[in-house]
Amino acid sequence: MHLMNITLQEGGAITDAVYGNFCGTKSQDIVCSGGTSIRLLQTQSPSETGGVLKQLQTIHSQQVFGVVRSLMPFRLTGGTKDYLVVGTDSGKITVLEYMVDLSRWEVRHSETFGKTGCRRITPGQYLATDPKGRAIMVGAVEKQKLVYIMNRDASNRLTISSPLEAHRSHAIHFDMVGVDVGFENPIFAILEVDYSEHDDGSLDASEAVKSLVYYELDLGLNHVTRRWSEPVMRSANKLIAVPGGTDGPGGVLVCSEGWIVYKNERHPEVPCRIPHRARPVNTNVDVRSEVLIVASATHKQRDLFFIIVQSELGDLYKVTLTYTNDEVSAVKVKFFDTLPPAVALCITKTGYLFAASEASKHYLLQFQSIGDNDSTAEAHSFQEYVPSFSLRRLTNLALVESLDSLAPITQLLVDDLANEHTPQMYALCGQGNRSTLRVLRHGLSITEVASSPLPHIAKAVWCLKARHDDAVHKYIVVSFEDNTLVLEVGESVEEVTNTGLTKEVGSLLVGLLADDSIVQIHRQGFNHVRQYHGVMQFKAPGKKVIEKCSANARQVVLSMAGGTLIYFELNAAGELAEVGRTETLGEISSLDIGPVPEGRQRFPFLAVGSYDGNVRILNLDPNNLFADQTLLALPGSHPHSLCFAQLQHEPHADALGGHALFLSIGMENGVFQQSRIDPLTAKVLDTRTRFLGVKPVKLVRVQVQGKQAILGLSSRGWLSYFYGARRQLTPLSCEPLSYASAFLSEQCSEGVVAVAQDELKILTLDALGQVFNQQLLPLKYTPRQAIVHNVTRRLLVLEADHNTLTADENASVGFETATFPLTDDDDDEENHLLNYRPPVPEGAGHWASCLRVIDPVTCETVLCHDFDPNERAMCMSTCVFHDRGGETFLIVGSIVSMKLHTGTKVTQAGQLRVYRLVEGTSMVLVHTTELDGIPYAMCEFQGRLLVSVGKILRIYDLGKKKMLRKCENRNFPSTLVKLTTAGARIYASDNHHSFHFVRYRADDNQLVIFADDFVPRCISASTLVDYDTMAGGDKFGNVFVARLPSEVSDEVENPTGNRMLWDAHLLNGAPNKVEQVCQFYVGETITSMVRTRLVPVGKEAIVYTTVMGRIGALIPFSSRVDVDFATHLEMYMRQEAPPLCGRDHLSFRSYFIPVKDVADGDLCDQFGMLSAEKQLKIAHDMDQTPMEVLKKLEDIRNGLL
């Protein structure tokens, strides 16, 4: 078995984010790390975007094939642009510069300092830069710290020194920042604990002292010294540098539980409490009041600075200092606003705040004020009491935009529950009260801006400008069978009759010419409406009628029955003059003439499709009119529509900006073909085909992000556009459209006007680059498991949260779960995802759980059943017991007051609850059975219930008053976390020891382990591939496939088999071992895995999800040729395009176990981002052209979706 790993949707989680000017002096850029990738975002005000683009744009995204541990921007003194320093697991410090003209990061320095991997004493976990850009410190979790001096040479190129060591043995580091000291010797502040006296046990670990330490880099002597140290609170977790030099007093703020303390060398400490959330005095529920600071951002102007910090509950505080010269007299901490807890905050110079959330969406907000006139709680230094504040809606901030993220995904189900004939993906996402069920469908999400009924079923629609150089469209022209409707776009859309267009005929085409006149083509001829010269009419010769036509700003082409073709051009007098005609082309099925290129008199080619299945490209040069340039034969169908367009096909900014001339062909049988055409000779250079639907394909030119794109309309709409590094062809998630036209207005900068039956719609295309569009259903707690109820076909979702109060307890401490930060008329989904984080109870073991029944057709909650307070629902399954007449029962395994990290000696007892689901709308408890352990997983098995109770595998049957034990096996080495069955076999996923293959012997009533894995794996997800094969993912980020040898499988199934087969033990385990078929390291914890088809005619694949929100797939290769192609391309890519941050690709994909028989599709996809020379070199070595390589990669991806 050979597989290819591809990413269907990038993980949206952000582990770190930094702000800087990476693209140039004025740019406002944010760089985010997504675990193994780096994303460059750019914020722009509405005036800069012209209202066309979003205010938060993803400029560039790249996989680095390494774990990004830390990010930090720095700028050399006097520089105009920021560099990015990246700490990864490559054992190197990497300095990157973003090249705007090449649209990519370039490595300026990559200096090796240690071993690869995220090790305890290998630097890279922490980065700190001197505010003046003179030095960088890179630190490990323990002991090692290295300082690099940054400078520039005579050619103004960045230089980096050899590393200077600042190691200290027995020191654990908690945070690291560069202290602002102006142009004195750079100083770095570090929070560290010295455990040298506690390591040998002479002193208790609880007595260890945490210290704030200053390390000084002496630029004259070129070495680092430990300059100053002072003890801090044991709960200190974060350092924030205070602006110094001419901007402020310098020093650092030390954040600890409930306190923010200003500290500096030779300066007394200035402490300040953090304000609390207000709560009633009469409550009997204890909640934690002291909070930790988890994120911060500093805003600095010439005359002021302030620091925004965020607590673990999500509350934002504004921190200001009262100081004279370098003497700080007071620290003030004032409540500012509340957001979801973030991993990083960034404040831009243009007044935006970017919050990278721990889970779900990330937010871009705009400052409405800086809170000076706010009368809310404010704490001062040396204040005796702690002020408290009440939660409120967003006041000082306003939401501008959000960046979507599925992270974390806890489970994925793929099934057609909504009866759409195409499977939907049901993803359980998020954490706590911001959790959601997302229904994912393949396609671009469409926003319907307006919809209006039409008097009849419309045939076509066009949008016209008043003048050619206008920015917006003025008219919408709708054509019916025998009349034409003209609508004027203003503050409202109204019918007009003074345009000169004939209303009494059905139009075939209406277009604006270069001299601002309008041409209206109908079956009897055309009307040329000129502004000051009236209407010129052309009648079709004889009794012929016009069947097909095409026009641009200067040319018009008409075709009639029998193959007559007449060609007109706009002359200097503003008239449409006939240039030529021909009658030798046979019956014509479609025509197209492309837009006139800028600075040219005419478009040089005419595409003519005929019913014999051919497309001819004819020359329109007056000296060689209608000469055949190219002939394309279309087997099996004839062209229904043709479309010439200048489309971007590669990211390289050459003279044409990566654009080329394409001819798109929509065929009668629903196939879409796109061919790249040589602009001089009209030769076909490259062709791609894709089946779009069962209806003939109509093609329309539209605009996407300021670039040309093609809309293909069949039984479903599709958009062909350029995004990332390649052309995309994605379906639209909307009802079938019969015709469409690009539409530009002041309110709708890049829209589409479309007709669907007797409705006129104005649509906008959102979330470009997203493979799936989403439908959201808010949940109360973190979703843990989802199953489908086989009888009602409804979705059952189990939710549970730790350290969570019930709704009644939350209300008693003054926290209302219904208070949203946005106004009531805002989007409900946005309201839910901006939800406040509830208070955290004191002590351990506070659980809240519920079971939700969801109707997948309407995506609404039918029933939400809350379990008892402090009960943790663990797992569930439906079961049809063999002696109960086919009735389906629901069994839920739970535990009351569950304690985490109790050690092995403490036994916790769970229970099984059996429910009847009555008509899918109510749950009736049948009985409850006490257990002697925790139920971790369960499933139906041969009319009984199979349950893993800790390390025990049991079979239960349904009794009248409780569940009855029928059979068990206690010989498992660790907890079983998932159970899968097929026939008499059980596949048990072990928490530490991979898979166990178990067979139930009905004659002896025994569960026998007959095979297991010799590789210890912490399984977090698994799925059955076939009777002998399991695919799994572990919590360290590996995906693998394990198979039972065929001879063992035959022996086990043989009823006369030798009993020794069951009893002999190998390597302290089962008598047989499974084989490792495939192995691959993804880099993120695998949370769910399913073997499925994503579209009815697509390939079967193993689809997996990760904790970072990524959806990936392992696609099987069907031929040896494909395997050779992928492995060779991967090999050449490793040589020609090594990973950005210096990690070796092969060793990264073999992080824990050597990669085996899995090709890396993400690496192969970077082929399109290489320079043309490198593409040519790799393709030549593979005996192919670059276009063939790209086409092959596209075909592999299209086979799945």
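Here are some notes on this predicted model, point by point.

1. **Ground rules.** The model is predicted, so a local feature needs pLDDT of at least 70 and a side-chain atom pair counts only at pLDDT 80 or more, while totals for chains, interfaces and linings use all residues. Residues are numbered from 1 along each chain as its sequence is written, and side-chain values use heavy atoms, with hydrogens and water left out.

2. **Domains.** The protein chain splits into domain 1 (68–231), domain 2 (447–571 + 578–682 + 698–770), domain 3 (975–1084) and domain 4 (1117–1199). Those bounds come from an automatic or database domain assignment. Taken over C-alpha atoms, the centres of domain 1 and domain 2 are 59 Å apart.

3. **The largest nonpolar core.** The largest nonpolar core has 45 residues, and Met4, Leu8, Met425, Ile1111 and Leu1129 touch the most other members. Helix H6 (residues 1120–1136) gives the most to this core, at six residues. A nonpolar core here is a set of buried Ala, Val, Leu, Ile, Met, Phe, Trp, Tyr and Cys residues joined through side-chain atoms within 4.5 Å. Buried means under 20% relative accessible area, exposed means over 50%, and partly exposed is in between (1.4 Å probe, protein chains only). As for helices (H or I, at least four residues) and strands (E, at least two), they are DSSP runs numbered from the N terminus.

4. **Leu1129 up close.** Which residues does Leu1129 touch, not counting those up to four places away in sequence? They are Cys1164, Phe1167, Ile1178, Met1182, Val1189 and Leu1193. Contact means heavy atoms within 4.5 Å.

5. **Gln62.** This residue sits in strand S5 (residues 56–63). Gln62 counts as buried because its relative accessibility is 13%. Leaving aside neighbours within four places in sequence, Gln62 is in contact with Ser37, Ile38, Trp105, Leu1140 and Gln1166.

6. By type, the lining of the largest cavity divides into four nonpolar, four polar and one charged.

7. **Backbone spots to check.** Most residues other than glycine have a negative phi, and most peptide bonds are trans. Ala407 and Pro408 are joined by a cis peptide bond, with omega about -15 degrees; Pro408 lies in the loop between strand S33 (397–403) and strand S34 (409–415). Phe65 is not a glycine, yet has a positive phi near 50 degrees. Phe65 is in the loop between S5 and strand S6 (68–74) and is buried, with a relative accessible area of 0%. Asn870 also has a positive phi, about 70 degrees, without being a glycine. Asn870 lies in the loop between strand S69 (860–866) and strand S70 (871–880), and at 24% relative accessibility counts as partly exposed.

8. **Lys349.** Is Lys349 buried or exposed? Lys349 counts as exposed because its relative accessibility is 59%. This lysine lies in the loop between strand S28 (342–347) and strand S29 (352–357). Residues up to four places away in sequence aside, Lys349 touches Tyr19 and Gln28.

9. **Met1.** Met1 lies in the segment before strand S1 (3–9) and is partly exposed, with a relative accessible area of 34%. Not counting residues up to four places away in sequence, Met1 touches Val1025, Val1041, Arg1043, Val1077, Cys1078 and Asp1157. Met1 and Val493, 492 residues apart in sequence, are 60 Å apart in space, C-alpha to C-alpha.

Conventions
Nonpolar A, V, L, I, M, F, W, Y, C, P; charged D, E, K, R; others polar.
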